[in-house]
Amino acid sequence: DIHNCYFEQTYSTLILWGGYDVGFHDNVITDATPNQGQWPSVGIRVRTNVTKGDRSYIYNNTFYAIDQAISWSNDGNLPQQWIMNNVCLDITAKAFPNSTYAGAHIVFENNLAFNSGTWNYDPAIGPNGSAPVLSATNLEVDPMLTSPTTGDFSLAAGSPCIDTGSATTHPYMMNDYLGNNRAVDGDEDGRATPDRGATEVTDLTLAVTNLAQGQN
């Protein structure tokens, strides 16, 4: 279980070629300066086949300014993968490149990708076995991170990531990247739903203007 970590300028942060109950969540992966080498920088490479079992949980991570975010496939159509609630911003090439086919054992939902150099979502992606239709829960809008260029990956007010993540209970669900509790009611609608990305909104700011004596 890998969580609450910061990775910078890694060619591949996580390579998973068949693994059981692997958790990778609530991490930040970024390249302040793009790698110059044979291989592009890739956050996660997930591959499975008929001879290797796999049950992996990749969720609530933030990828910023790397070549590729999550490169994934499910060649054998047997293992189970949960790829959910991840945020990809300013990916140089492809945010979610997909290989072979997804299969019915892939859960690819409630992710967000924006401003990728080649594409946000690979056209071959078929979440939950329904290729090539992309799940409507996956968004292509600005995540409104506070200041990723200076290392602040928190969500700004009005971010589409707030309270829009999957409410699926993961066996490794715990705290966000900053150690805050997950599933906080950030938009005050009465429902505590996890945010997308590595950070959870836990504080609300009230701006009061024109306050004078005798006014409420």
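# Salt bridges and ring pairs

At 27% relative accessibility, Arg55 counts as partly exposed. The model is predicted.

**Salt bridges**

The structure has three salt bridges. Arg55 takes part in one of them. Its side chain meets that of Asp21, with N to O at 2.6 Å. Asp21 belongs to strand S4 (residues 20–25) and Arg55 to strand S7 (residues 55–59), so this bridge ties together parts that are 34 residues apart in sequence.

Arg182 forms a salt bridge with Asp26; their closest N and O atoms are 2.6 Å apart.

Which residue forms a salt bridge with Arg182 at 2.7 Å between the closest N and O atoms? The partner is Glu200. Arg182 and Glu200 are both in the segment after S18, yet 18 residues apart, and the pair links distant parts of the chain. Shared partners join Asp26, Arg182 and Glu200 into one network of salt bridges.

| Residue | Relative accessibility | Class |
|---|---|---|
| Asp21 | 27% | partly exposed |
| Arg55 | 27% | partly exposed |
| Asp26 | 0% | buried |
| Arg182 | 9% | buried |
| Glu200 | 5% | buried |

Asp26 is buried at 0%. Arg182 is buried at 9%, and Glu200 is buried at 5%.

**Aromatic pairs**

The count of aromatic pairs is eight. One of them is Tyr64 with Phe153, an edge-to-face pair at 6.1 Å centre to centre, with 65 degrees between the planes. The pair links distant parts of the chain: Tyr64 is in strand S8 (residues 62–64), Phe153 is in strand S18 (residues 152–155), and 89 residues separate them. Are Tyr64 and Phe153 buried or exposed? Both are buried.

Phe96 and Phe108 also form an edge-to-face pair. Their centres are 5.1 Å apart, and their planes stand at 90 degrees. Phe96 is in strand S12 (residues 94–96) and Phe108 in strand S14 (residues 106–109), so the pair ties together parts that are twelve residues apart in sequence. Phe96 counts as buried because its relative accessibility is 0%. Phe108 counts as buried at 0% as well.

Phe96 and Phe108 also belong to a cluster.

Methods
Residues are numbered from 1 along each chain as its sequence is written. This is a predicted model: local features need pLDDT of at least 70, side-chain atom pairs count only at pLDDT 80 or more; totals for chains, interfaces and linings use all residues. Side-chain values use heavy atoms; hydrogens and water are left out. Rings of Phe, Tyr and Trp (its six-membered ring) pair if their centres lie within 6.5 Å; planes under 30 degrees apart count as stacked, over 60 as edge-to-face and the rest as tilted. Helices (H or I, at least four residues) and strands (E, at least two) are DSSP runs, numbered from the N terminus. Buried means under 20% relative accessible area, exposed over 50%, partly exposed in between (1.4 Å probe, protein chains only). A salt bridge is a side-chain nitrogen of Lys or Arg within 4 Å of a carboxyl oxygen of Asp or Glu.
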